[in-house]
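The report below goes through a structure by its chains, its side-chain pairings and a few backbone details. Please keep the sequence and the model in view while reading.

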Amino acid sequence: MKFRVDRDVLADAVAWVARSLPSRPSLPVLAGMLIDARDGELLLSGFDYETSARVQVPAEVTSEGSALVSGRLLADISRSLPAQPVDLTADGGKVVVTCRSARFTVQTLPVEDYPELPEMPTASGIVKGDVFANAVSQVAVAAGRDDMLPVLTGVRIEIEGSAVTLAATDRYRLAVREFSWTPEKPDLSATALVPARVLADTAKAFASGSDVTIALAVPGSGTGEGLVGFAGISGGTMRRTTTRLLDGEFPKYRTLFPPEQQTVARVETAPLVESLKRVALVAERNTPIRLTLGDGQATLEAGSSDEAQASESIEAAIEGESLTIGFNPQYLLDGLGALEAPVAQFSFTQPTRPAVLTGLAAADAEPNTDYRYLLMPVRLQN
Amino acid sequence: MSEVSGVWADLVGQEPTVAVLRTAARAAAARLAAEAAKSAGEGAAPSQPAGRSGMTHAWLITGPPGSGRSNTARAFAAALQCERQGCGECTACRTSLAGTNPDVTLVRTEQLSLRVDEIRELVRKSAMSPVGRRWQVLVVEDADRLTEQAADALLKSLEEPADRTVWVLCAPTVEDAVPTIRSRCRLLVLRTPPTTAVAQVLQRRYAVSPDLAVFAARASQGHIGRARALATQEEVRARREQVLSVPSKLRDLAGCLTAAASLVELAAEEARAATAELDATEKAELERALGVTGSGGRGPRPRQLQAAQKELEDQQKVRAKRLQRDALDRALLDLVAFYRDVLVVALGASAELVNEELRDDIERRAHANRPELILRQIDAILACRDAIAANVAPLLAVESMTIALLEPTRR
């Protein structure tokens, strides 16, 4: 194997593949990155049995072949090389990296022990990279982090024709985001449960590119079942990644949204977030902040009389009955942050029932129901 | 008895269990086929109630040490991954047996216990879909070493794993698993393989002479791994001989103390011999995986190397401790077998002697001592095992044992 490649192209591609390599590999070969040179291009791959990453970059290939080297080391080397063309040559059990007068000799790992990368699922569609990244970040915030409840650490993806719904919950809050995409077949219908951490990382990585292809398996098709694949062109190179799906029953979340509302309050998001952060300072661990709505004001209170206390009121447009409700301050902050809207609308039924947050572009605009954040209240002591 | 082949060939003398597992693997394959047919929309799949009952999602394999619990688990995993239910030749079979199949996770520990964080990671995995198109098999080879917390973490997932996940736990006896785990698994009991079966395998696989094979099979009392070591390694036989020379050294108090010290030293030496090479290989492998070239620090040293090295060294230390304990335990079991032989002769029972080659010494002792005394000697050794398991300093426990073994007639 022998080829020459542009330094920036190599560094970018290697860094991207190395991202998904395990830091404590269960098998030594899994710490490796597979370099496959053929036909004027270079294929770099990494796989840790859960997530696979593969990138295709143009290169001047003088002699075809493949080699497996430590991915971290290759990433460190390619990042620090001077901005000159890089030559890679496989030589016996070593790979030699030369750039200007810098020369590295890297040991290879046995290629024949390396597992085969999973194939991309077949059914797919396209969405803009930034839309997808934004939607995922809004939903992933509500995903659970407790590995003992694996199903809740995932983001549920539901596809019905051109409509995509993302949902995640950790039992205390639920985030749902809807957006549209261009499916390959207009009648595509599929669901998947993707580990939230992996999905968030993947979406972020594709955010700068133009389009992302999302690929899901059609049940019974045989290829790529239990996998979701993402592909996109980023930095001029084709990047593909697959990840294993979570298997399990995601809660039926659509019925959790209350059908009617008794109190609706609109508050400017930024001042509410600031005041919430201030008041939450005195809320001890696991104690709620109290939100009282009435008389055109939203009042936040926290703390108890034998400890520190804080309260602050801000302006709010309120329709319906006044009420007092308790929330976990961090969960409320997460929700307000994920709205990404200047005005937040709270819809309540009762202080013991969940509240729904939606965003508005302006105080008198219609609420944007593409994104809904359902938050369970905390029962207040007397 | 059906003909045993493929991945099952090396499970010595476990025909009944193999039959159960083969049925299960067939039922599992039938279920996959039925699911595929159903989701491909080929109308209602033919129902196979008989086949379905053979398969379940949680198994507990128990059996005496060396009866091949983990090999059975691996063979079962291979049979589940294989298109032909365990041909032993395809990639799926080979990778499953070797532990490199992405859908077969083998959890074992060379340490004293399986910690809760390892099990948490496993539980997370259990919720994933298989990488391939068949099953995800999670094998816990040392279920008896689960800490209480770790066992608790396992319960939920063991009861209701994801559709395509299969748990296989292994433990020496069913009492080694907590009741909450036991009740969630289907139990399979392996038996102690007969001496002749073990001897045959030794001859077939390692080409040892028939005499040596029979000796190793007898001396190991059905422990296949131990039999292999005895049959193939001269120094293992030498160590065993030294252990069995202990009873003849117990003539006075000084002799007892010297014998105890040498027993403990022997175990330490065995552990050192086993770990020294392994430690170095593991370190080199870790460095290579993290990209340190062998030739002394060319290229940058990866940041996480130190942390990973530290972790590895800690693990190696704990492993050395466990190996020493295991070696001592084996020595004690050899001694138990020796006194058991004495008892067999003293009682005039017709059972086969484990230490046939020491028959003269055994008969002399059997005539000189009353069976009660011999039983007390056996009890003393077993008490010593218990004491060591309960973390008593090994030398102290062994000294106490050798003194208890002292025979009054010689005092």
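## Backbone, packing and side-chain pairs

A:Arg171 lies in the loop between β12 (163–169) and β13 of chain A, where helices (H or I, at least four residues) and strands (E, at least two) are DSSP runs numbered from the N terminus. This is a predicted model, in which local features need pLDDT of at least 70 and side-chain atom pairs count only at pLDDT 80 or more, while totals for chains, interfaces and linings use all residues. Residues are numbered from 1 along each chain as its sequence is written, chains are lettered from A and ligands numbered from 1 in the order in which they are written, and side-chain values use heavy atoms, with hydrogens and water left out.

The phi angle of A:Arg171 is near 85°, a positive value in a residue other than glycine. A:Arg171 is exposed, with a relative accessible area of 51%; here buried means under 20% relative accessible area, exposed over 50%, and partly exposed in between (1.4 Å probe, protein chains only). In chain B, B:Gln85 also has a positive phi, near 55°, and is likewise a residue other than glycine. B:Gln85 is placed in the loop between α3 (69–81) and α4 (91–98) of chain B, and with a relative accessible area of 23% B:Gln85 is partly exposed.

**Aromatic rings and charges over rings**

A pair of aromatic rings is described by the distance of the centres and the angle of the planes. Over all chains, the structure holds 9 aromatic pairs, the rule being that rings of Phe, Tyr and Trp (its six-membered ring) pair if their centres lie within 6.5 Å, with planes under 30 degrees apart counted as stacked, over 60 as edge-to-face and the rest as tilted. One of them is the edge-to-face pair of A:Phe132 and A:Phe179, with 6.4 Å centre to centre and 65° between the planes. Because A:Phe132 lies in helix α3 (residues 129–140) of chain A and A:Phe179 in strand β13 (residues 173–180) of chain A, the pair ties together parts that are 47 residues apart in sequence. A:Phe132 counts as buried at 1% relative accessibility, and A:Phe179 counts as buried at 8%. Together with A:Phe230, A:Phe132 and A:Phe179 form one aromatic cluster.

Two arginines of chain A lie over ring faces: A:Arg173 over that of A:Tyr331, at 4.1 Å from the ring centre, and A:Arg372 over that of A:Phe257, at 4.1 Å from the ring centre. A charge sits over a ring if NZ of Lys or CZ of Arg is within 6 Å of the ring centre and within 35 degrees of the ring normal.

**Chain B as a whole**

Chain B contains 17 helices and 5 strands, and its C-alpha atoms fill a box of roughly 85 × 60 × 40 Å, taken along the principal axes. Of its 411 residues, 48% count as buried. In helix α5 (residues 116–126) of chain B, the buried residues include B:Val116, B:Ile119 and B:Leu122, and the buried residues of α5(B) pack against β2 (104–107), β3 (136–140), α6 (148–159) and β4 (165–171) of chain B, contact meaning heavy atoms within 4.5 Å.

**Salt bridges**

A search of the whole structure finds 42 salt bridges over all chains, each being a side-chain nitrogen of Lys or Arg within 4 Å of a carboxyl oxygen of Asp or Glu.

| Salt bridge | Closest N to O distance |
|---|---|
| B:Asp314 and B:Lys310 | 3.2 Å |

B:Arg191 lies in the loop between β5 (186–189) and α8 (195–206) of chain B and B:Glu15 in helix α1 (residues 15–39) of chain B, so the pair ties together parts that are 176 residues apart in sequence. B:Arg191 is partly exposed, with a relative accessible area of 40%, as is B:Glu15, with 25%. B:Glu141, by contrast, counts as buried at 5% relative accessibility. B:Asp314 and B:Lys310 are 4 residues apart in helix α14 (residues 305–346) of chain B, and are therefore separated by about one helical turn.
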